[in-house]
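Subject: Structure handover

Hello,

Please find the structure below. My notes on it follow.

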Amino acid sequence: MKKQMVSKLAGVSLASMLLLAGCNSTASNNDNSAKDDNKNSTTEISWLNILHTASPPTDTVLDQIEKKTNSEIKFSWIPDASKEERLNTALASDSLADIVTLTILENSSVRNALKSGMFWNVEDYLDEFPNLKAISKDIRTSASIEGKLYGIPFQKDLARNGVVLRKDWLDKVGLAVPKTTEELMEVAKAFTEKDPDGNGKNDTTGFMDRSDLIYGAFKTLGSYHGTPNNWQVDSKGNFTAEFETDGYIETMDYMKELYENGWINKDFAVTAKTDQQQNFAQGKAGIYVGALFDAKNLQTMAAGIQDNMEIALVNDMTSNSNSERAIWSAGNGIGGLLAFPRSEVKDEAELKRLLKFVNDLLDSDTYTLMTYGIEGTHYKINDEGAYEIINQDLWQQEVQPFAASRPKEAGYGLKDPNPIKSLADDMIAENAKYAVFNPAVPLESPTFTTQGSELQKIITDATYQYILGEITLDDYKEAVKNWNEQGGKTIKEEYKAAYKAAK
């Protein structure tokens with residue numbers, strides 16, 4: 001922190017306390033009073049932050065945030081598109097700020113900086129602040145590196161995915177909302193073969209998917225088939241990759257059946273997300289698997305094209321091979337860290353003042369400010385109790401840049417005025433109870449860091465080739481063997497050692 005601005009009132013109060021106490025006061029009491037004032041004083045805070053919008057916000061909402069957090073915030077904004085390069089430069093030159101937003105924890109420069117001791121380990125201080133104390137053990141563990149928590153985790157939704165379906169098409173073909181993958185297969189067949197749009201043409205498919213084995217349909221369908229989230233670890237600490245499990249192979253077989261029968265778009269392996277969504281909105285398919293909140297975008301995109309579109313959402317699907325409800329968690333709900341560099345934050349007193357600032361950002365009022373803005377200026381609460389934006393342009397200019405800076409994205413119960421978005425929000429919140437964590441998120445594997453992406457390409461290619469019928473299951477297993485020999489086996493051993501060390 002560059003400067004502490006203890007208010008005049010606080011200064012007078014402190015002086016009066018010292019005079020009244022006189023010789024009867026102990027040094028310890030004086031120290032405690034000073035520390036209390038230090039924690040609550042107005043403070044100038046510098047924040048190296050990521051900008052996800054075209055331009056930084058004006059001061060309208062910032063002024064309100066400063067009042068609620070008793071601070072003066074000096075932002076240094078880094079455009080999201082260049083964050084990796086800019087953060088690497090800032091870390092290498094130690095040109096940081098009191099608070100540094102680190103969203104790319106998988107980046108080797110970021111991880112090495114965190115492990116080097118450049119930032120404070122905050123684990124032992126969290127329980128002194130009510131909102132920070134509420135951060136769960138699972139989240140703290142997932143956000144740690146080698147057992148140390150080098151910042152306040154950005155808390156994201158634990159599990160956002162589910163199935164979006166054309167409810168009006170279900171009614172047309174006489175099927176109920178599916179609850180199992182087997183029922184979903186029947187829906188895909190009917191949406192392809194029974195002319196659900198009633199135009200007399202063979203021009204629809206069941207699934208509309210894209211070339212993404214993680215955020216497209218594949219990984220979510222994998223959860224329904226009992227596939228672990230990236231890794232499975234047994235009681236002895238042995239790691240098994242998800243693509244070595246029966247659930248993964250069942251998921252490949254499921255996708256293969258869809259593809260062979262034409263119940264999924266034939267070009268899914270090369271389809272971009274924008275085309276996937278456009279095709280769904282244009283009525284070319286009736287099943288979309290992805291983030292549940294995408295339903296609102298799909299509905300908006302369909303306006304004027306598919307005005308009769310009715311959407312159903314499913315977040316509780318299971319399968320014959322896996323009756324337990326499960327849904328994978330992206331990054332275990334961690335969106336990065338708010339970290340405090342030792343070069344800028346000199347002692348515990350400064351650290352605690354910054355932790356109090358972050359704690360205050362987590363208050364409901366501040367969250368509302370950073371999400372919707374100021375009531376009457378940016379939003380109103382409508383008759384249904386939902387938060388309705390009343391000036392979209394002003395909201396985008398003055399509020400939206402802060403939304404990505406919220407240390408926590410969910411759990412405040414604010415209702416969206418769009419019914420399908422509100423339903424999606426509720427289902428995503430419910431998903432948290434069934435979220436499947438990736439046990440390797442907090443662990444270190446040097447081989448994975450240096451070779452993981454290249455090795456993964458072996459599996460990604462083999463997965464697509466198997467689904468498309470270009471290779472056999474034996475060929476696929478040969479690819480997995482190749483992955484193990486080229487470094488996968490070493491990754492498993494390194495994760496096992498890190499897992500045991502963290503216990």
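The second largest pocket has 21 lining residues, and nearest its centre are Lys 137, Thr 141, Ser 142, Pro 442 and Ala 502. A pocket is an open set of points on a 1 Å grid over the protein atoms alone, where a 1.4 Å probe fits, with protein on both sides within 12 Å along at least five of seven lines; lining residues have an atom within 4 Å of a point. Its volume is about 610 Å³, taken as the space filled by probe spheres set on the points, which are joined across faces, edges and corners.

This is a predicted model: local features need pLDDT of at least 70, side-chain atom pairs count only at pLDDT 80 or more, and totals for chains, interfaces and linings use all residues. Residues are numbered from 1 along each chain as its sequence is written, and side-chain values use heavy atoms, with hydrogens and water left out.

Helix α7 (137-143) gives the largest share of that pocket's lining, five residues. Helix α20 (473-502) also supplies at least two. Helices here are DSSP runs (H or I, at least four residues) and strands likewise (E, at least two), numbered from the N terminus.

In helix α12 (273-281), Gln 276, Gln 277, Asn 279, Phe 280 and Ala 281 are buried, meaning under 20% relative accessible area with a 1.4 Å probe, protein chains only. Gly 283 follows α12 and has a positive phi, near 85 degrees.

As for confidence, pLDDT (the predictor's confidence in each residue, from 0 to 100) averages 91 over the chain, and 92% of the residues score at least 70.

Regards

Terms used:
Buried < 20%, exposed > 50% of the residue type's maximum accessible area, 1.4 Å probe, protein only.
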